[in-house]
Amino acid sequence: MKKVLCFVLCVPALFLGGCTGIYENFREIERLTVVDTMGIDRIPGGVSLCFAASSRSDEDGAPVFSGSGDSIETAIDNIRRRSGDRELFCHQTQYIIIGESSAKAGIGDYLAFVGRSPLIRIDTPLYIVRGDGAKTLIEECGGAPAGISEVMAGIVQSGEQRGDCAVTTAAEVMRNILSRGSALVSALELTVPSDAADGKTAVAGGYAIIKGGKLSGFLSREQAIGVGFLTGDSGVCSVTVDDGRGGKAALDITGGGTRVAPVWGEDGSIVRVNISASVKATVSEISAGADLDNAAYVQQLTGRLEGSVSEMINSVLRLSASLGADFLGLGERVERFDPERYRLLDRPFGELLPALEVQLSVSGTINHPNDLDGGVLQGNGRDA
């Protein structure tokens, strides 16, 4: 009986102990600050980090913490020691931002950290700042109560819709560097909005080109639209063209894509790569007096649309060739077309690009806004 009584008395003690532990954990959660954005900058002898939390984490706005060290791990420890009574939680980091000068020196160490560290998810979106450091962008972007994390959420959403700044994760960048030797990384720019009362803000800045693990250049927003056609992420975006009558027309691109077909020589080499692009658009704005019921006028607009898209795509192809960097993944598409011949190539596809002939043709379709039956007017196609 004494043994049974002893056991019964111990059970409440166990539950009481558990309640105390839960209470202590609750106090830790109250002090928890979730890091949404991590900025990385290279400094002499090490690295500088900048952490930004969402305004959801603090009643006073979006807190920012920074620190440095001879390694990323050391910098994180230094930030935590200086964060006072806050518990910094990095496992839910939504964005990793790297400064331009740091990216020029190489992003290999940072990607390796993301790949190894249990703190950061490997599928975290990666960005490179155009013209500034990551710390500068994080500290100067936004204003109370919002901060960089709220701005980034808007950039991601609008970029995916427009197709001029698709999200690139750390995992995708690592994979493309390994398989293609180069990769595209979403780019950001720090700018002053038209209403400067709210301070500076970050906007999508096209793409950064990584070759050999280092930043080699940038693609503009217009070039980024061309990337969308070549990668199947054209999105919904607007272009303005000359309507041929001294006015302007705004066209909303609503879809499009490309097909890639290699032309092989008798010796097994690639003679040429043919790229066929298609683009669909609607007319959102035209000059006074323009007649959308005039088939010739719409045909002229379609030709201007084809020319605009052709230049966007060709601009990206020329840069890819000049850098000898297959950041568009054309080699993979050629390989899928004819795997056996592709495996017999004597050099990586990226090295073939500078001397490789690429022929582009663009075919456009403009939806007639006055045709309730969904009719369309098409162009004749454009070779470039």
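Which glycine takes a positive phi just after H8? In this predicted model, with residues numbered from 1 along each chain as its sequence is written, local features need pLDDT of at least 70, side-chain atom pairs count only at pLDDT 80 or more, and totals for chains, interfaces and linings use all residues. Side-chain values use heavy atoms, with hydrogens and water left out. The residue in question is glycine 232, whose phi is about 85°. Helices (H or I, at least four residues) and strands (E, at least two) are DSSP runs, numbered from the N terminus.

Eight of its eleven residues are buried, so H8 is largely enclosed by the rest of the structure; buried means under 20% relative accessible area, exposed over 50% and partly exposed in between, with a 1.4 Å probe and protein chains only. The buried residues of H8 are Gln223, Ala224, Ile225, Gly226, Val227, Gly228, Phe229 and Leu230.

H8 (221–231) also takes part in the largest pocket, where H7 (170–180), H8 and H10 (330–337) each supply at least two residues of the lining. On a 1 Å grid over the protein atoms alone, a pocket is an open set of points with protein on both sides within 12 Å along at least five of seven lines, a cavity is a set where a 1.4 Å probe fits but cannot get out, and lining residues have an atom within 4 Å of a point. The pocket has a volume of about 400 Å³, a volume being the space filled by probe spheres set on the points, which are joined across faces, edges and corners. Its lining comprises 21 residues, and Asn176, Arg180, Thr231, Asp233 and Phe327 lie nearest the centre. H7 gives the most to this lining, with five residues. By residue class, the pocket lining holds nine nonpolar, five polar and seven charged residues. Here Ala, Val, Leu, Ile, Met, Phe, Trp, Tyr, Cys and Pro count as nonpolar, Asp, Glu, Lys and Arg as charged, and the others, Gly among them, as polar.

Rolling a probe the size of a water molecule over the atoms shows where empty space is left. The count comes to one cavity of 30 Å³ or more, and the largest cavity has a volume of about 40 Å³. Ile40, Ile96, Ile98, Ile107, Tyr110, Leu111, Val114 and Leu126 form its lining, which is made up of eight nonpolar residues, with no polar and no charged ones. Strand E5 (95–98) and helix H4 (108–116) each supply at least two of the lining residues, and the largest share, three residues, comes from H4.

Leucine 126, one of the residues lining the cavity, belongs to strand E6 (residues 126–129). Leucine 126 is buried, with a relative accessible area of 3%. E6 pairs with E7 in the parallel sense over three bridges, where two strands pair if DSSP finds at least two bridges between them. Within this pairing, valine 129 has leucine 188 of E7 as its bridge partner. E7 (residues 182–191) has eight of its ten residues buried, so this strand is largely enclosed by the rest of the structure.

E1 (residues 32–43) and E2 pair in the antiparallel sense over eight bridges, with isoleucine 43 opposite glycine 46 in E2. The two strands form a hairpin with two residues between them, and glycine 45 in the turn has a positive phi of about 80°. On E2 (residues 46–53), eight of the eight residues are buried, so the strand is largely enclosed by the rest of the structure. Six bridges join E2 to E3 (residues 64–69), again running antiparallel, and leucine 49 stands opposite glycine 67 in E3.

Finally, helix H9 (residues 295–323) has 29 residues and reaches 42 Å from its first C-alpha to its last, close to the 42 Å expected at 1.5 Å a residue; the expected span is 1.5 Å times one less than the number of residues. Serine 320 is found in H9 and is buried, with a relative accessible area of 2%. H9 is followed by glycine 324, with a positive phi near 60°.
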